[in-house]
Structures are given as structure tokens and as C-alpha cells.
Amino acid sequence: MSLGPRLEFRQTQSLVMTPQLMQAIKLLQLSNLDLVAYVEAELERNPLLERQAEPEGERPSEGEGDANAVRERTSDADLDPRAESAGEREQGERESRDGHDGRASDWLEERLDTSRSAIEDRLDTGMENVFPDDAGREPVAPTPSGEGPAYSEWTGVGGGGHDAEGYNLEAFVSAETSLADHLEAQLVLAVHDPVERIIGLNLIDLIDEAGYLSADVAGVAERLGAPPATVERVLAIVQTFDPPGIGARSLAECLAIQLRERNRYDPCMAALLAHLELLARREFGTLKRVCGVDDEDLAEMVGEIRRLNPKPGLAFGSGVIQPVVPDVFVRGATDNWLVELNSETLPRVLVNQAYYSRVQKITRNEREKAFLSDCMQTATWLTRSLDQRARTILKVATEIVRQQDAFLSLGVQHLRPLNLRMVADAIGMHESTVSRVTSNKYMATPRGIFEMKYFFSSSISSSDGGEAHSAESVRFRIKQMIEAESPDDVLSDDTLVQHLREVGIDIARRTVAKYREAMRIPSSVQRRREKQAAVSAS
């Protein structure tokens with residue numbers, strides 16, 4: 001076999017991930033909040049992008065319309081002398097109709113005597129009766145003749161008024177008090193020693209948002225160079241602050257602090273707090289022997305603990321809760337569903353072609369031309385990508401609604417099995433595209449707001465050979481059966497399997513246990529103990 005060079009033509013197809021394609025894929029999987037932030041960054045970076053103007057249906061208010069009309073008339077008068085003379089004639093006619101010798105009938109332009117005697121004559125009373133709190137203040141310096149009072153004297157903005165303090169609107173806005181601020185305010189009143197106050201501030205900084213101390217006393221003492229006994233004493237003071245249970249190092253200590261506040265901490269309650277794991281497993285028989293109480297006392301103690309707050313610090317949570325904004329609205333009735341995009345979540349951007357034409361004419365070198373061309377290409381591709389993103393979301397949402405129309409009409413029990421391939425084959429797209437579209441996207445339906453991923457559920461075969469069932473509908477059935485059980489007839493996992501097979505759902509016991517644990521439902525033994533304890537307490 002001889003080796004030698006040769007020329008060869010070969011034709012192949014390959015998918016190249018260009019920067020534009022990567023940008024389109026990135027935009028497709030962004031949520032509406034992330035998309036707005038991305039577009040805002042592009043608007044700051046790209047001079048050829050601009051926000052789309054308001055639609056014609058959204059007209060400005062009367063004040064804005066009058067201001068625009070005034071600006072238009074002013075500009076016309078500046079450009080055309082004849083327009084100015086016509087305006088003067090119109091003003092003269094209006095003044096003659098007013099009958100005030102050329103002065104407009106505006107009471108604001110009238111000169112008022114601001115002397116003390118004139119004011120007392122107009123009000124028919126003395127200044128001491130009108131402003132009794134201002135008797136001890138120094139009189140305001142008179143303004144020069146021919147000048148009215150300054151703007152700051154009327155509003156307090158800019159001049160500071162009589163107290164030399166600026167008018168601060170933010171001072172009237174109520175600010176949310178954080179947990180650290182609330183504890184520090186109590187520390188100032190409870191601790192007077194500067195050293196102990198510093199230790200208390202460090203302990204407050206180590207308290208998490210739930211109200212628990214996130215460090216041990218020995219570590220705090222070593223870091224501050226203070227005796228551990230002093231840190232323990234300061235921590236005991238902090239644990240007496242409001243809300244009760246703050247500064248605890250464990251759940252048992254948090255509950256014990258709250259019980260001491262209610263004067264309900266006794267040896268029996270202490271024994272119960274020392275064995276909280278038995279209470280979590282609903283082993284009430286063992287708890288009665290450990291605490292030395294009967295059924296009635298144990299039920300009362302358990303009820304007392306349930307009324308406590310295991311996370312007292314959450315009452316001062318300063319985290320901002322971001323509400324869910326749906327990307328798609330579904331309206332209508334059975335077999336006539338209307339799917340539309342939420343226009344508020346879609347950024348409106350346009351390419352300023354006029355500005356591009358003007359700047360293109362004055363470019364001086366190749367570097368400026370390349371920058372301008374790159375901005376134009378990026379802006380054009382961004383607008384196309386946003387439009388393609390909206391169309392793809394609408395297409396996928398429409399297919400989901402078509403597949404899950406029974407859920408929208410009848411409820412979660414009629415949720416059908418659905419996967420990405422079924423939607424992708426129906427709309428002619430790839431599964432990865434459907435997965436990106438449904439990530440972090442929400443759909444508002446007559447039955448509530450759901451994430452698009454919610455409608456995709458695995459299938460569970462039917463025992464009678466009929467249509468398969470959705471895993472979500474099976475979980476809903478299991479939850480319904482457990483909520484309807486009585487204290488004397490608690491359903492085990494095997495019993496749940498039998499009931500599900502009676503309605504045509506072929507499911508294994510371990511699958512039922514997995515679904516039950518995912519919904520945080522305890523086992524049948526724990527549920528029976530809890531229901532019996534509730535019955536005995538009542």
C-alpha cells in the first residue's frame with residue numbers, strides 16, 4: 001500500500017454554535033425577571049437600541065397633553081413672528097373679556113399685605129390664637145420689597161424652614177424593622193457595661209433569620225478574648241428579649257425559653273423537650289412513661305408545644321418576597337380556551353434606524369465602523385430573538401393547553417401523562433427547546449397559577465388496560481384518601497394500593513410510599529397515634 005498526497009472534496013453538514021444562536025438559546029430559558037435585567041443591560045450598552053413607545057391606546061394624561069400643546073405652540077411662536085402676533089391678539093381679546101385692564105383673573109397674582117396687623121384684621125383674631133406654638137420663635141426676616149415669600153418658606157424644601165432642618169419625605173415613610181435592629185434596641189436598655197454590650201452585639205450578629213444562634217459560646221469567647229462565663233451571661237440576657245425564644249442554640253432550648261415565658265416549664269415538660277424525637281415519631285406510649293403522665297396530661301403538653309413558635313426570628317424577616325408573574329394567560333371555557341402572552345413581561349425594544357443612518361455618515365475610521373456595525377447586528381438579532389422567544393412560548397403553551405384540556409375543565413384528577421417528546425413532536429421542535437421554554441415559566445389558568453413543568457408528568461399504567469394515569473393525579477388521589485380516613489380506619493400503604501387498583505390504577509407499594517413521603521405525609525402507624533391522641537384530647 002503506497003502513501004501519497006491527494007486532493008479530495010467532501011460535503012458534510014454540521015451545527016455550529018454561533019454567538020447569535022447561543023444568545024437566542026440563552027434568552028429562551030430566562031425567566032421574565034432575568035430577561036428584563038438582560039434587556040436593560042443591552043439598552044445601556046448598545047446605543048442603537050431604544051424602548052418602544054407606548055401604544056396609541058395609552059394616551060397621556062390631561063396635564064401631559066396640555067404641556068405638550070404648550071410646547072408645540074411655543075415652538076411655533078418662536079419660529080413664526082406672525083404666529084406670535086396672532087397669539088398676542090388672542091391674549092388681548094381674552095384680557096378684554098376678563099375686564100381687569102390687561103391683568104388675568106388669577107388670584108395668585110394679587111399682592112397680599114403680609115403684615116401682622118393685616119393678617120389679624122383678615123382673620124378677625126390674634127396671631128397668638130392662630131399659632132400658639134410659635135410664640136417663642138424668632139420672627140422671620142422680612143423679604144425685600146417687591147418680592148414674595150421664598151419657595152422654601154412655603155414648603156420647607158431647600159431652605160430648612162425655621163428649625164434649619166430640611167424637609168425629608170422619606171422620614172414619613174415607615175421602614176421595616178429588622179431582627180438585628182429590634183434586638184439591639186433592647187440590648188441598649190438591658191446592658192450598661194460597655195464590654196458586655198460589645199459581646200451582645202456580636203451575639204446578635206450571629207443570630208440567623210430564624211432566630212437561632214449560629215455559633216457556639218466557646219468560639220465567640222475565643223474570638224473576642226472574653227471569659228466563656230461572661231459570654232454565657234450575656235447570651236442569657238439576649239434570650240430574654242422579644243420575641244420569646246430568640247438566641248436559642250437548639251429547638252429544645254427555643255421551646256424551653258418560650259415555656260418559661262408562659263410559666264409552663266416544669267420537670268414533665270423538660271422531659272418531653274429532652275425526647276422530641278419520640279414526639280416526632282408519635283410514640284406517645286413511650287413519652288407517657290418517660291414523662292410520668294397520663295393520656296390527658298400528655299395531650300395537654302403536646303398541645304402547648306404546638307402553640308409555640310419554633311422559628312421566632314421569622315416575624316422580622318426582611319427578605320423581599322417576589323410574587324410569581326405568569327408568562328401566559330389561559331382564559332375561556334371547555335373546548336374554547338384562549339391562550340395569550342402576558343405583554344407586561346415582554347420587553348419592548350426597537351432598533352433606531354434613523355440614528356444609525358446619521359452616525360454612519362460621520363464615522364471616521366474602521367474602528368468606529370466596526371463598532372457601529374457590531375451594535376447594529378446585535379440590536380437586530382436581539383429584537384428577532386425576543387420575537388422568536390415570544391412565538392415559541394406561545395406555541396408550546398398552546399400545545400400544553402390542548403393536551404391538558406381535561407385538567408382545565410375537570411380538575412387535577414384528569415391530568416394526563418405528558419412528556420417533552422410528545423409536545424416537541426406535535427409542534428415540530430426539539431425536546432431541548434421545549435425544556436428551555438418551560439423552565440421558569442408560569443401559566444395562569446382558571447384553576448390557579450402553575451409552572452409549565454407541572455403539566456409534565458410520568459405515566460402509570462392502568463390495571464384494566466385502559467388509558468394511563470398521570471403520576472400527579474395519582475398523588476392527588478392518595479392525598480384525598482388519607483385526608484378522608486378516620487381514626488379507627490387508618491389506611492396502610494398496602495390498603496392504598498388495593499383502593500387504587502379498584503379504580504384502575506396499577507401501582508406498586510414502594511411507589512405509593514415514595515409519593516406519600518414526597519408529600520410529607522407520615523406513615524400509617526404515626527398517623528394512627530396522632531389521631532388517637534387528638535381524639536383523647538378532645
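Let's start with asparagine 263, which is exposed, with a relative accessible area of 70%. Exposed means over 50% relative accessible area, buried means under 20%, and partly exposed is in between, using a 1.4 Å probe and protein chains only. Asparagine 263 has a positive phi of about 60 degrees, although it is not a glycine. Where does asparagine 263 lie? In the loop between α12 and α13 (267–274). A word on those labels: helices are DSSP runs of H or I with at least four residues, strands are runs of E with at least two, and both are numbered from the N terminus.

Before going on, please keep in mind that this is a predicted model, in which local features need pLDDT of at least 70, side-chain atom pairs count only at pLDDT 80 or more, and totals for chains, interfaces and linings use all residues. Residues are numbered from 1 along each chain as its sequence is written, and side-chain values use heavy atoms, leaving out hydrogens and water.

Arginine 520 also has a positive phi of about 60 degrees without being a glycine. You'll find arginine 520 in the loop between α24 (509–518) and α25 (524–537), and it is exposed, with a relative accessible area of 79%.

One more loop has something to show you. Between α11 (228–238) and α12 (251–261) sits proline 243, and a cis peptide bond joins it to aspartate 242, with omega about 0 degrees.

Now let's step back to the whole protein. It comes to 25 helices and 8 strands, and buried residues make up 30% of its 538 residues. Taking contact to mean heavy atoms within 4.5 Å, residues 24 or more positions apart account for 59% of the contacts with a separation of 6 or more.

Let's look inside. In α13, the buried residues are Met269, Ala271, Leu272 and Leu273. What covers them? The cover includes α12, α14 (276–280), α15 (284–291) and α16 (295–306).

Is lysine 441 buried or exposed? Lysine 441 counts as buried, at 0% relative accessibility. Its place is in the loop between α21 (431–438) and β5 (442–445). Leaving aside residues up to four places away in sequence, lysine 441 touches several residues, among them Leu28, Asp327, Arg389 and Glu451.

What about disulfides? A disulfide is counted here as a pair of cysteine sulfur atoms within 2.5 Å, and the count comes to 0. Cysteine 291, for one, is in no disulfide, and the nearest cysteine sulfur, that of cysteine 268, is 6.5 Å away. Cysteine 291 counts as buried at 7% relative accessibility, and cysteine 375 is buried too, at 2%.

Finally, a pair of helices. The axes of α22 (residues 471–483) and α23 (residues 493–502) come within 11 Å and cross at roughly 120 degrees. Axes here are lines fitted to C-alpha atoms, for helices over the stretch in contact, with angles from 0 to 180 degrees between N-to-C directions. The two helices are therefore oblique to each other; under 35 degrees would be roughly parallel, over 145 roughly antiparallel, 65 to 115 roughly perpendicular, and the rest is oblique. Which residues meet? Val474, Arg477, Ile478, Met481 and Ile482 in α22 meet Leu496, His499 and Leu500 in α23.
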